[in-house]
Amino acid sequence: RFAKPGTARFAVVQTFLDCGINNFITYTPCFYLCTGFVKGYTLERSMDVLKQEYFVACTGIFGFWTPVQLANFYLMPPHLVTYGVQAANVVQKMWLSWFSNRTRVQERR
């Protein structure tokens, strides 16, 4: 096997796939398009917000998740990995929700 669970190589490969590829290609665009729909934005407005905030959102997510996932995949027993991700997920979603809505709150004032 290329990378066995619990090894440093496994942690680096999994982290790169999750934080590097998934975040930039799928997660961030889906987050902005779905939350834009819930907020009542048009597709064009959702895409504009995504374009304006893409770099900061992606780098913030990458900066948060990279150390979390490295520790999670390397140190956590496989049966607890999901729990580690979910605990960190709550913190990260609070930040992303604040970041993506901060201008919306200012517009309402």
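Predicted model: local features only at pLDDT ≥ 70, side-chain atom pairs only at ≥ 80, totals over all residues.
Residues are numbered from 1 along each chain as its sequence is written, and side-chain values use heavy atoms, with hydrogens and water left out.

Let me begin with the overall picture. The protein has three helices and zero strands, where helices (H or I, at least four residues) and strands (E, at least two) are DSSP runs numbered from the N terminus. Read from the N terminus on, the elements run α-α-α, and the C-alpha atoms fill a box of roughly 50 × 25 × 20 Å along the principal axes. Of the 109 residues, 32% are buried, and here buried means under 20% relative accessible area, exposed means over 50%, and partly exposed lies in between, with a 1.4 Å probe and protein chains only.

Now to the packing, pair by pair. The axes of H1 (residues 8–39) and H2 (residues 43–75) come within 7 Å and cross at roughly 155°; axes are lines fitted to C-alpha atoms, for helices over the stretch in contact, and angles run from 0 to 180 degrees between N-to-C directions. H1 and H2 are therefore roughly antiparallel to each other, since angles under 35 degrees count as roughly parallel, over 145 as roughly antiparallel, 65 to 115 as roughly perpendicular and the rest as oblique. H1 passes H2 in a right-handed crossing, a crossing being right-handed if the near helix is turned clockwise from the far one by less than a right angle, and left-handed if anticlockwise.

H2 and H3 (residues 81–108) pack at an angle of about 155° with their axes 11 Å apart, so these two are also roughly antiparallel, and their crossing is right-handed. For H1 and H3, the angle is about 55° and the axes are 12 Å apart, which makes H1 oblique to H3; this crossing, too, is right-handed.

What links H2 to H3 at the level of side chains? Glu53 forms a salt bridge with Arg102, the closest N and O atoms being 3.5 Å apart, and because Glu53 lies in H2 and Arg102 in H3, the pair ties together parts that are 49 residues apart in sequence. A salt bridge here is a side-chain nitrogen of Lys or Arg within 4 Å of a carboxyl oxygen of Asp or Glu, and by this rule the count comes to one. In general, side chains of opposite charge can pair when their charged atoms come close. Glu53 is buried, at 6% relative accessible area, whereas Arg102 is partly exposed, at 27%.

Thr59 and Phe24 are 35 residues apart in sequence, and their C-alpha atoms are 8.9 Å apart in space.

Ile21 has its place in H1 and counts as partly exposed, at 37% relative accessibility.
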